[in-house]
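Please go through the structure below with attention to how its parts meet. The text takes up a contact between side chains, then the packing of helices, then the space left inside.

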Amino acid sequence: MLQAMRKYSRGVIATVFMGALALSFGVWGIADIFRGNTDTSIATVGGEKVPQELFERDYRAITRQASRVAPLKPAQEKAYGKQALDQLIDQVATDSYLKRYGLVVSDQEVTARIRAIPAFAGPLGTFDHEQFLRAIQNAGFDSEQQFVDLVRGELMRSQFLTAVGDGLELPSGYARMLFNYLNEVRAADYITLPANAAGTVPTPTDAQLQSFVAAHAAKFSTPEYRSVTVAWLSPQDIVGQMKATDAQLKQQYEAEKSQYQTPEKRTVEQLVLPTEAAAKAARAKLDSGTTFADLAKQQGKSEQDISLGSVSEDDLAERGKAVFALPQGGVSQPLKAPVGYSLIHVVSITPGTTKSFDDVKEDLRKELSMQLATAKLADLNNQYIDESSRGEPLAVAARKVGMKVTRVAAMDAAGNTPDGKKADLPADPELLQQIFKADVGEEGDPFVTKSGATYVLKVEGVQPPKLKPLDSVRAQATAEWQKQEIAKRLEAKAKELAARASSTGSLEAIAASVGAKVEQSPPLRRPLANQQNTSPLPTRLLAKVFTMPMGQAVYGPTADGSSYIIARVTGVQHPPAAVASDLRLRGFARQLGQQAGSDLGENVAAAARAEEGVTINQQNVNRVVGGDTEGG
């Protein structure tokens, strides 16, 4: 997942360079639902507020691009939200740092970069200002200046990182050494010891077993047992006693009426023109018989470019009323948009629906009865506390308020009694956790778990773990002892045979002596972090192979730990000397410098964030992403 996030978390400007700005990132006007909040920033970096619309734009761009590969799950959307938030804050903090030290980008550089972006080219293949305005509007920018500022920041950071990367280009000798190290290829002959190479393992004596059991006490001991008295009651236990009246149900229906209403939806297309005059001229063409699709083609737009998908009236904000007054197939008059003017075409209409009170009455009854039961439990908790404060024992106080009471003489952390049966208690993991966290002899206060049930408990005694009698664990302990003894013998045998292979320079005679087969490895490459090992040798043994000179042998356990492998190095190959002047080596050196520059850039961003200080407005972040998105 992290790799995918890195792939899709490029800045919005990178998305522009890829020509993706022609795709619409959202419906204009949605942010209007947040009116009334005096602070719409998502963070404050130093003294600078980071506008919510910038975060929303970047987040929508990242998630839209990622979702083209596969639909995103809620957890992924939140992860991308954190990624976008961190990226935007890093940019603001880094820009502040760079400006402080006088790094600037001229207007000429910004203009040249913008004019070179293919997405802004007109019919003649050159920069077209109207196409530029349409493209940045579709990408989510509120103004031309906002996009210019983004490009200026990207160029400023890029110049800094490029300068650092170029300045850190490694000397050719050092680069060659690393290049050779990473691209070294080896070959090895190897054998796997058969299980009988360990010889016949004897049955351990009682003294050996007793010593082994004592050394592995946790494996051969009884668990900790606790005796406990528990009182409990769940909403399901009393929900049948709760009688919701029709008046209450009607009141609940009215309070939740919006949940039972599906608003009318319309599939619409939008064509954005730079001026009102241009929009009116386009509308006149429609009146004279030009279709909306043909009009879009004349403007250089595809169906995908103009589609806004299915929207509600609220989604379109101020334009919603006019659009939702149109019949299917109708086109609006020119409507003011954040950038320019829009003509909106109604492709299809999906009528809204409303579930009546009678339709949902029984569901409401269940819902309200459960709410009443939960509220009743809260009252019972208070009643229990009153009874307990008068000195009543747990069981007596609990029964007085109608709670169930059970005493378990002994149970372990898994909820089992010593005979292996489940204790007579609700199967609630949180209850078990509390029982084994509680202090002995302390009568706790009522607590409510995620299931909605309320509990009170008192741990009355603890039986600590006790080593089981040898006779009761003899079979298990014998098997474990023999398994460990076989592993020791196989390791000693592998060590001995590896030394002999290094001395004789061959595995053939050794393989014959233990009944094994000599196998030849494919070309082996040095194991590196984050790279999958596809060789027949386990990673730790493969690493050993790359530490030994030609002809020497090493040994190590198999991947499943059941035996040992002896491997003898039979070939070592480095990249040819001619590669020193090869473009690959020079490219490798530049790549190392760029990586170092990128790492330094990340460190600068982290230092700038720490120095400036960052405060996250989580409420505004959640409005965009939904749920909790950590940042800062």
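Arg609 and Asp90 join their side chains in a salt bridge, at 3.0 Å from N to O; the term stands for a side-chain nitrogen of Lys or Arg within 4 Å of a carboxyl oxygen of Asp or Glu. Because Arg609 belongs to helix α22 (residues 583–612) and Asp90 to helix α4 (residues 74–100), the pair ties together parts that are 519 residues apart in sequence. The structure holds 25 salt bridges. The model is predicted, with pLDDT of at least 70 needed for local features and 80 or more for side-chain atom pairs, while totals for chains, interfaces and linings use all residues. Residues are numbered from 1 along each chain as its sequence is written, and side-chain values use heavy atoms, leaving out hydrogens and water. Helices (H or I, at least four residues) and strands (E, at least two) are DSSP runs numbered from the N terminus.

Two packed helices are described by the angle between their axes and the distance between the axes. Here axes are lines fitted to C-alpha atoms, for helices over the stretch in contact, and angles run from 0 to 180 degrees between N-to-C directions. Helix α9 (residues 206–215) and helix α19 (residues 470–504) have axes that come within 9 Å and cross at roughly 85 degrees. That makes α9 roughly perpendicular to α19, a label for angles of 65 to 115 degrees; under 35 counts as roughly parallel, over 145 as roughly antiparallel and the rest as oblique. In contact (heavy atoms within 4.5 Å) are residues including Leu209 and Phe212 of α9 and Val473 and Trp481 of α19. By class, this contact has 7 nonpolar, 4 polar and 3 charged residues; Ala, Val, Leu, Ile, Met, Phe, Trp, Tyr, Cys and Pro count as nonpolar, Asp, Glu, Lys and Arg as charged, and the others, Gly among them, as polar.

Helix α11 (residues 246–255) packs against helix α16 (residues 357–389) at about 105 degrees, with the axes 9 Å apart. The two are therefore roughly perpendicular to each other. Among the residues in contact are Leu249 and Tyr253 of α11 and Phe357 and Leu364 of α16. The contact divides into 6 nonpolar, 3 polar and 5 charged residues.Inside, there are 2 cavities of 30 Å³ or more, a cavity being a set of points, on a 1 Å grid over the protein atoms alone, where a 1.4 Å probe fits but cannot get out.

Technical notes
On a 1 Å grid over the protein atoms alone, a cavity is a set of points where a 1.4 Å probe fits but cannot get out, and a pocket is an open set with protein on both sides within 12 Å along at least five of seven lines; lining residues have an atom within 4 Å of a point. Grid points are joined across faces, edges and corners, and a volume is the space filled by probe spheres set on the points.
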